[in-house]
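Please keep the sequence and the coordinates in view while following the text.

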Amino acid sequence: MNQSFDEKELEREMFLDSTQDGLMELLLGVSMMGVAAASKSLIFIPLFIVPLVFGRQISEFVRRRLTYPRIGYVKLREEPAGKAIGGVFLYEFVILMVSAVFIWIRYGDVMEFRLWASWSSLIIGVLLLGLFLYLHDKSGKKRYLAIGGLSVLTGLVFSVISFDITFPYIFGYFGPGVVLYFLLMGTVMLLSGIIQLISFVSRNPVSAEDRD
């Protein structure tokens, strides 16, 4: 008799094992806070760029020294790049089209940059909701649904409230709400990653054999 198993649940457990060190969220938090910082001073651009471009290499470097000696190494099945990229573009296209319809209905004009800028923090919040929905699907953790909800709520609040602050670079051109969005959500992701990393290290001490 063939033993049945839930392949989806197995993949979720493997994903959770491979990301329990919190490095994924930590790097995302650094990048998001880098966006906010670089909107104030261009000297902080590396904080935004490096985690995005070299995140995989940085994670692998740290995990070889911190994660794998504690829990071992398992290579996850990688999704086809074309399917993943296609899904991202489709989601972004749908959100942008819905945003265009909303702006047209509310203002009667979709070509004015100022109108898009005024709602840009909400649009970005909904776009990043797709990431958290994906992480929820991969992990089964409702925590990502909560973070996704916070992303949309934060984007909405920063779209309807005016702030007398100036950010001259990067996303500052869209208004202070976007920069504050990235600052808040980046802080949330950074703290979440740090807490997970500390918890992971405390739960999984390195054995004496591994030290030797």
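In this predicted model, helix α2 (residues 23-38) and helix α3 (residues 45-66) have axes that come within 7 Å and cross at roughly 165°. Angles over 145 degrees count as roughly antiparallel, and α2 is therefore described as roughly antiparallel to α3. The crossing of α2 past α3 is right-handed. On the α2 side, the contact is formed by L23, M24, L27, V30, S31, G34, V35 and A38. Their counterparts in α3 are I45, L47, F48, P51, L52, G55, I58, S59, V62 and R63. Sorted by class, the contact of α2 with α3 comprises 13 nonpolar, 4 polar and 1 charged residues.

L190 belongs to helix α9, and, with neighbours within four places in sequence set aside, L190 is in contact with E25, L26, G29, V30 and M33.

The protein contains 10 helices and 0 strands, and its elements, read from the N terminus on, run α-α-α-α-α-α-α-α-α-α. Among the contacts in the protein with a separation of 6 or more, 72% are accounted for by residues 24 or more positions apart. Of the 212 residues of the protein, 33% count as buried.

A second helix pair may be described in the manner of the one above. Two packed helices are described by the angle between their axes and the distance between the axes. For helix α1 (residues 7-19) and helix α7 (residues 120-139), the axes come within 7 Å and cross at roughly 110°. Angles from 65 to 115 degrees count as roughly perpendicular, so α1 is roughly perpendicular to α7. The contact involves K8, E11, R12, F15 and L16 of α1, together with L135, H136, D137, K138 and S139 of α7. By class, this contact of α1 with α7 has 3 nonpolar, 2 polar and 5 charged residues.

S139 lies in helix α7, and its relative accessible area is 4%. Buried means under 20% relative accessible area, which is why S139 counts as buried. When residues up to four places away in sequence are not counted, S139 touches R12, F15, L16 and Y144. R12, F15 and L16 are among the α1 residues that make the contact with α7. A polar atom of the S139 side chain lies 2.7 Å from the backbone oxygen of L135.

The loop between α8 (143-160) and α9 (176-203) contains T166. The relative accessibility of T166 is 58%, so this residue counts as exposed. T166 and V179 are 13 residues apart along the chain, and their C-alpha atoms are separated by 9.8 Å. I170 is also found in the loop between α8 and α9. With a relative accessibility of 27%, I170 counts as partly exposed. The phi angle of I170 is near 45°, a positive value in a residue other than glycine.

Conventions
Residues are numbered from 1 along each chain as its sequence is written. This is a predicted model: local features need pLDDT of at least 70, side-chain atom pairs count only at pLDDT 80 or more; totals for chains, interfaces and linings use all residues. Side-chain values use heavy atoms; hydrogens and water are left out. Axes are lines fitted to C-alpha atoms, for helices over the stretch in contact, and angles run from 0 to 180 degrees between N-to-C directions. Helices (H or I, at least four residues) and strands (E, at least two) are DSSP runs, numbered from the N terminus. Angles under 35 degrees count as roughly parallel, over 145 as roughly antiparallel, 65 to 115 as roughly perpendicular and the rest as oblique. Contact means heavy atoms within 4.5 Å. Ala, Val, Leu, Ile, Met, Phe, Trp, Tyr, Cys and Pro count as nonpolar, Asp, Glu, Lys and Arg as charged, and the others, Gly among them, as polar. Buried means under 20% relative accessible area, exposed over 50%, partly exposed in between (1.4 Å probe, protein chains only). A polar contact is a pair of N or O atoms within 3.5 Å; within protein, one must be able to donate a hydrogen and the other to accept it, and residues adjacent in sequence count only if both atoms are side-chain atoms. A crossing is left-handed if the near helix is turned anticlockwise from the far one by less than a right angle, and right-handed if clockwise.
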